[in-house]
Amino acid sequence: MVRFTAFLLLLAAVAAAAPKHKLLIIDGQNNHAWQQTTPVLKRLLEETGLFVVDVATTPPKGGDLSVFKPDFARYRVVVSNYNGEPWPPKTKLAFEKFVESGGGFVSYHAADNAFPEWTAYNRMIALGGWAQRTEKDGPYAKFRDGRIVLDNKPGPGGHHGKRHQFQLVLRDTAHPITKGMPAQWMHNTDELYDSLRGPAQDIHLLATAFSDPATNGTGDHELILFTVKYGKGRIFHTTLGHDVEAMRSVGFIVTLQRGAEWAATGKVTQKLPADFPTATAVSVR
Ligand code: ZN
């Protein structure tokens, strides 16, 4: 009887624990404080109860990158917190195959500064910045007159003004990542990336923000959150989250958590939390 009860308890435990998605965070080189931000990313993703999170850390700059070869195929989704030296060709190919065959990818903040020379990666992120990006890397993408407008004018890719709190404006309120959110919501003090450029193909826009000339911005609505399709793979691109202060923003947290789930499965099961920001008030944790 005891054994039978134990067996029933085991069955109940198995049933209660929904299968978790294996998620890999990549870091190791970045012009940002990845040693501080990766633990926050890991905690926020684990908090959802949806993911089992591993971290793969590359050797430091100048190290032997040839040893960096994570087994991407073991994961449903990869979150990049990496902005550094090129990965070895075999690792790049494995990552391309992973996404192309249906793997999820989350490009977090400066991950879109990485790998200007890697064609497939730039297709995945659609837009990137810095690292000598110019018109050779693709057009600028702005939100004008209710749609994305590509602009081929010459100039550097990637810029941000003074860090400040700013409002996100949703451009798709029906997408699984944004569903139920207020049409506008405030984000905590962060960099507002502008003037990114890249192949800009297969972008599905979720949110923009006005880059105010008063904070040294462009005067345009810039693309802040979007998804990209690459083969069978789903990519969620968030330009937000410069540092741990920006990551306290509930809007950042929820879009990261939902974006990772969507990239992993194409669906979002997470309810909107009660402390989600409003059009006028920032919410931080
Ligand atoms: Zn930054």
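**Zinc site, aromatic pairs and charge contacts**

H32 (NE2), H109 (NE2), E191 (OE) and H242 (ND1) coordinate the zinc ion at 2.0 to 2.1 Å. The model is predicted. A search of the whole structure finds 19 aromatic pairs and 12 salt bridges.

**Zinc site**

- The site of the zinc ion is irregular, with angles of 90 to 159° among its 4 donor atoms.
- Along the chain, the zinc donors follow the spacing H-x76-H-x81-E-x50-H.
- H109 and H242 link distant parts of the chain, 133 residues apart. H109 lies in the loop between β4 (104–108) and α4 (119–125). H242 lies in the loop between β13 (233–238) and α5 (250–265).
- H109 and H242 are both buried.

**Aromatic contacts**

- One aromatic cluster is formed by F68, F72, Y82, W87, F95, F98, F105, F115, W118 and Y121.
- Among the aromatic pairs found is W87 with F115, in an edge-to-face arrangement. Their centres are 4.9 Å apart, with 70° between the planes.
- This pair also links distant parts of the chain, 28 residues apart. W87 sits in the loop between β3 (77–80) and α3 (89–100), and F115 in the loop between β4 and α4.
- W87 and F115 are buried.

**Charges over Y140**

- R197 has its charged end over the ring of Y140, 3.9 Å from the ring centre.
- K142 also places its charged end over the Y140 ring, at 5.8 Å from the centre.

**Salt bridges**

- K142 also belongs to a network of salt bridges, linked with R144, D220 and E222.
- E47 pairs with R43 in a salt bridge, the closest N and O atoms being 3.3 Å apart. The two residues are 4 residues apart in helix α2 (residues 34–47), so about one helical turn separates them. E47 is partly exposed, at 47% relative accessible area. R43 is partly exposed too, at 45%.
- R123 forms a salt bridge with D202, with the closest N and O atoms 3.4 Å apart. The pair links distant parts of the chain: R123 is in helix α4, and D202 is in the loop between β10 (193–194) and β11 (203–210), 79 residues apart. D202 is partly exposed, with a relative accessible area of 45%.
- R248 and E245 meet in a salt bridge at 3.3 Å, N to O. R248 is partly exposed at 33% relative accessible area, and E245 is partly exposed at 34%.

How values were computed: Residues are numbered from 1 along each chain as its sequence is written. This is a predicted model: local features need pLDDT of at least 70, side-chain atom pairs count only at pLDDT 80 or more; totals for chains, interfaces and linings use all residues. Side-chain values use heavy atoms; hydrogens and water are left out. Donors are N, O and S atoms within 2.8 Å of the metal (3.2 Å for Na, K and Ca); water is not among the atoms, so sites may look incomplete. Four donors count as tetrahedral if all angles lie between 85 and 135 degrees; four count as square planar and six as octahedral if opposite donors are over 155 degrees apart and all others between 65 and 115; anything else is irregular. Buried means under 20% relative accessible area, exposed over 50%, partly exposed in between (1.4 Å probe, protein chains only). Rings of Phe, Tyr and Trp (its six-membered ring) pair if their centres lie within 6.5 Å; planes under 30 degrees apart count as stacked, over 60 as edge-to-face and the rest as tilted. A charge sits over a ring if NZ of Lys or CZ of Arg is within 6 Å of the ring centre and within 35 degrees of the ring normal. A salt bridge is a side-chain nitrogen of Lys or Arg within 4 Å of a carboxyl oxygen of Asp or Glu.
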